[in-house]
Amino acid sequence: MKKAYIYVFISTFLFSSMEIALKLAGSEFNGTQINFLRFGIGGLVLLPLAIHRMQQRHIRIIGRDLRMFLLTGLVGVVISMSLYQIAVEIDKASTVAVLFSSNPIFALLFSYVILHETLSRTNLLAVIISMIGLVIIVNPIHLTNPLGIALSLGSALTFGLYAIITRRYSMQRGYDGLAMTCFSFIAGALELLVIVGISHIHAVAQIMSGSVALRNFSNVPIIQGINAGDIWMLLYIAVGITAAGYVLYALAMEAGDVSTASLIFFIKPALAPILALIILQEQILLNTIIGVVVIVTGSTVMFIGNRFADKQNTRPYQTAKE
């Protein structure tokens, strides 16, 4: 368990710095270019470990696996992370970080709808509390950046959907989370490469360049504009946050349990705004502070409920073993 908490601590810091790093990189790179390089490099870094895990489980990739990876890459990388990158560029990193951290709540709702899993009273309470926190942060009476908020919530929702799709298919085929993530990253990067090609069509480039939300899809470069000073930031995003962050998250689940690993997304809403204040000098508004407290409360309710459920599920096994 000590190892699990060390993994959680490091990965929490990495994930909490994600919006800040992407915002800084967004001033140097095209947003779609960042996503392509981030997930392409990250997926390739994870590939040897993913293949090793598959060999241990005696799993080979078949045709329908490729179709599923294209789907998860589309939902989790192309759609969710594109919305996310645009949101980071046009809104405050702290706001995007908090709103995106609500993705486990959406995943919980999708698990009920798609997987037909039981939504316990504790989890239902956690969903309600977290939704109240989101409303407080969004502050619909005084919307200052409705596009940024909509993109952030859209990213969180689609990432929650991605999580449930990968979970369902991994249960069917026996893939672990690391392998599913690796091949989804690579598939998503290849799909982004197609978009990069389309973005250079003159008519498409003209249409995309006329919109703030779509300009990342106009004449997207691949490696152009990257200089020696940018490489360290790119490596931190691709290898540090994207690859190492997920590996540590997976190791935290193995060394502890799912509930322990989920602490990452419970701490991130509180830590990310503090990092944004220190590094980007972003002001933390009162409604954001209140909303974060409410969301963390909802996350705590979910965490305690899941821990109790885990203990209840393992008790019959321990009794039988005795």
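The following dialogue goes through some named features of a predicted model and the rules behind the names.

Student: How do you know which residues and atoms count here?

Tutor: Residues are numbered from 1 along each chain as its sequence is written, and side-chain values use heavy atoms, with hydrogens and water left out. As the model is predicted, local features need pLDDT of at least 70 and side-chain atom pairs count only at pLDDT 80 or more, while totals for chains, interfaces and linings use all residues.

Student: Why is D65 called buried?

Tutor: Buried means under 20% relative accessible area, exposed over 50%, and partly exposed in between, with a 1.4 Å probe and protein chains only. D65 has a relative accessible area of 0%, so D65 is buried.

Student: Why does R173 count as buried?

Tutor: The relative accessibility of R173 is 18%. The limit is under 20%, so R173 counts as buried.

Student: What makes R173 and D65 a salt bridge?

Tutor: A salt bridge is a side-chain nitrogen of Lys or Arg within 4 Å of a carboxyl oxygen of Asp or Glu. In R173 and D65 the closest N and O atoms are 2.8 Å apart, so the pair meets that rule. R173 is in helix α8 and D65 in helix α4, 108 residues apart, and the pair links distant parts of the chain. Helices (H or I, at least four residues) and strands (E, at least two) are DSSP runs, numbered from the N terminus.

Student: How many salt bridges does a search of the whole structure find?

Tutor: The search finds three. One of them joins the side chains of K268 and E19, at 2.8 Å from N to O. K268 lies in helix α13 and E19 in helix α2 (residues 18–26), 249 residues apart. Both K268 and E19 are buried. Another salt bridge is formed by R53 and D176, with the closest N and O atoms 2.8 Å apart. R53 is in helix α3 (residues 31–57), and D176 is in the loop between α8 (146–173) and α9 (177–199). R53 and D176 are both buried.

Student: What makes a set of residues a nonpolar core?

Tutor: The set consists of buried Ala, Val, Leu, Ile, Met, Phe, Trp, Tyr and Cys residues joined through side-chain atoms within 4.5 Å. The largest such core has 66 residues, and L22, Y84 and Y175 have the most contacts inside it. Helix α4 (residues 63–90) gives the most to this core, with 10 residues. A second, separate core has eight residues, including L134, V138, V292 and I295.

Student: Which residues does Y84 touch, not counting those up to four places away in sequence?

Tutor: Contact means heavy atoms within 4.5 Å. Among the residues that Y84 touches are M18, L22, R38 and F100.

Student: Why is the pair of F69 and Y175 called edge-to-face?

Tutor: Rings of Phe, Tyr and Trp (its six-membered ring) pair if their centres lie within 6.5 Å; planes under 30 degrees apart count as stacked, over 60 as edge-to-face and the rest as tilted. By this rule there are six aromatic pairs. For F69 and Y175 the centres are 5.6 Å apart and the angle between the planes is 75°, so both the pairing and the edge-to-face name follow from the cut-offs. F69 is buried, with a relative accessible area of 3%, and Y175 is buried, also with 3%. Ring pairs also link Y84, F100, F159 and Y162 into a cluster.

Student: Why does I278 count as exposed?

Tutor: The limit for exposed is over 50%. I278 has 57% relative accessibility, so I278 counts as exposed. I278 is found in helix α13.

Student: What makes the nonpolar surface patch that includes I278?

Tutor: Patches are made of residues with over 30% relative accessible area and no salt bridge; like charges are joined within 9 Å, and nonpolar side chains (Val, Leu, Ile, Met, Phe, Trp, Tyr) within 5 Å. This patch is made by L24, I274, L277, I278 and I279 and covers about 440 Å². Accessible areas come from the Shrake-Rupley method with a 1.4 Å probe; for residues, only the protein chains shown count as cover. Helix α13 (residues 263–280) gives the largest share of the patch, four residues.

Student: How do you know that H58 is exposed?

Tutor: H58 has 74% relative accessibility, so H58 counts as exposed. H58 lies in the loop between α3 and α4 and has a positive phi of about 60° although it is not a glycine.
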